[in-house]
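Take a look at the fold first, and then read on.

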Amino acid sequence: MKRYQRAHITVSQTVGRRGVITPLAAMVLLVVLAGIALVVNRLWLDAASLEVTTCIETAVLAAGQELAADDLLKEKPNYQTLMERAEKAANRAIILNTVAGHRIGIPLIKDENLFFGKSIPVADTGIKRFLQTDHQPMSIQLKTHQISRLNNPVADFVSEFTSTNSGTTGAQIEATIDNHIIGVRPFANVSVPAFPLAILKNDPSGKHTETWELQIDQKKGKDEYRYNADTKTVTRGSDGIPEILLTGKPRRGNISDANLQVLDFGSLHNSESVERQILSGLTKQDLKHYHGELSFNAGPIQVNCSPALEDNEQDAFQKMTGQCRICFLYDKVESSSRSHTGLADCTNMVAGRIMSIKRLENQTCEIILQPGVMTTRTGILAKGKPPETDSQSASNSKTKTDNDQQRKNKYIYKLYLTQ
């Protein structure tokens, strides 16, 4: 009997313990699952927020590229047209990107969630603030609020009980174009979008009339070509922007007979290297002898040069027809011991696109180049440039404006995020 009673007591205790442990385990499991759900929700929101930010940044940068267009070189730029193009570009960019596998179905509309203006430092603090204006806008601000939950199951579940929008994400991004450019600097994997090409700036002797100063600055060049930004093609016709005719050195000519020079940025005039630079731009390795950058803040830069264009180099320029690239200006060139090379004093940078190229019988060619406007992340901004402020005194505003104009490069802009 004693053994039977002991066995009976043991079974009874075991059954009792199981009854207590089962609901306790269920509660622990529920807490663990709730914690996992919250972690998943947080990770989803972080990932979605990052994707939203990237998407909005892409859209605002696309809009910024349209603000820096060739129209700025015309007598009276139509800023309304530029803003309309920027709005379309932003909408195209945002459609191409997805968040959590879904496209953001938010139309970007001017003065509703897409704003144009300027990034202006406050006089007292120097902190920049966005000032909305349609007068020569240089900045774009994009605001998004209460974007849909994009099928986040955890947020949908929570919102049903809390009546909140914890699964929504939004962003406010601002981009600016700035043309206080003094040079260019390539990144590790980003080349400078530049041709190894220098154009004669001026000729005091009067031997050359096809100079940048006469044909472009003074607008004496012919206006026979136009670039269609929508189709990315070059056609015949006037567009209000003059061109310049560039000619290489003829077979038995001198280096000074040409008004263009092919610059030696680490190529040693090797035709294959020059061709690569024409097609792909200038890398950090190409500029290693210039400390990895080209800066004109301290004065002209002397570069080895040659006015001769080989056949494959001419073919490379032909392939780049219509694409806007940085070029360089030189005001004098000295011949070296070899008649086909020299040393050019490069004084500044401009931008232009090849509209036509024609081979000549004397082993040279003619290039028709039209100035253009472009943006690049590789631009070096001037330090200490006179800033626009929201409270400048009238007495010295003219001096500041004159200094500011001298620092501006009307062909090249740096496009970057400012907020």
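Of the 419 residues in the protein chain, 42% are buried, meaning under 20% relative accessible area with a 1.4 Å probe, protein chains only. This is a predicted model, in which local features need pLDDT of at least 70 and side-chain atom pairs count only at pLDDT 80 or more, while totals for chains, interfaces and linings use all residues. Residues are numbered from 1 along each chain as its sequence is written, and side-chain values use heavy atoms, leaving out hydrogens and water.

**Overall fold**
- The protein chain has 7 helices and 20 strands, which are DSSP runs (H or I, at least four residues, for helices; E, at least two, for strands) numbered from the N terminus.

**Nonpolar core**
- The largest nonpolar core holds 81 residues; such a core is a set of buried Ala, Val, Leu, Ile, Met, Phe, Trp, Tyr and Cys residues joined through side-chain atoms within 4.5 Å.
- Trp212, Phe265 and Ile326 are among the residues with the most contacts inside this core.
- Beyond its neighbours within four places in sequence, Ile326 is in contact (heavy atoms within 4.5 Å) with residues including Val184, Phe195, Met349 and Ile412.

**Helix H2**
- Helix H2 covers residues 79-96, and its buried residues include Leu82, Met83, Asn91 and Ile94.
- At the start of H2, a side-chain oxygen of Asn78 comes to within 3.1 Å of the backbone nitrogen of Gln80.

**Hairpin of E9 and E10**
- Strands E9 (residues 225-228) and E10 (residues 233-236) run antiparallel, joined by 4 bridges.
- Arg226 stands opposite Thr235 in E10.
- There are 4 residues between the strands, and Lys232 takes a positive phi near 60°.

How values were computed. Buried means under 20% relative accessible area, exposed over 50%, partly exposed in between (1.4 Å probe, protein chains only). Two strands pair if DSSP finds at least two bridges between them. The expected span of a helix is 1.5 Å times one less than its number of residues. A polar contact is a pair of N or O atoms within 3.5 Å; within protein, one must be able to donate a hydrogen and the other to accept it, and residues adjacent in sequence count only if both atoms are side-chain atoms.
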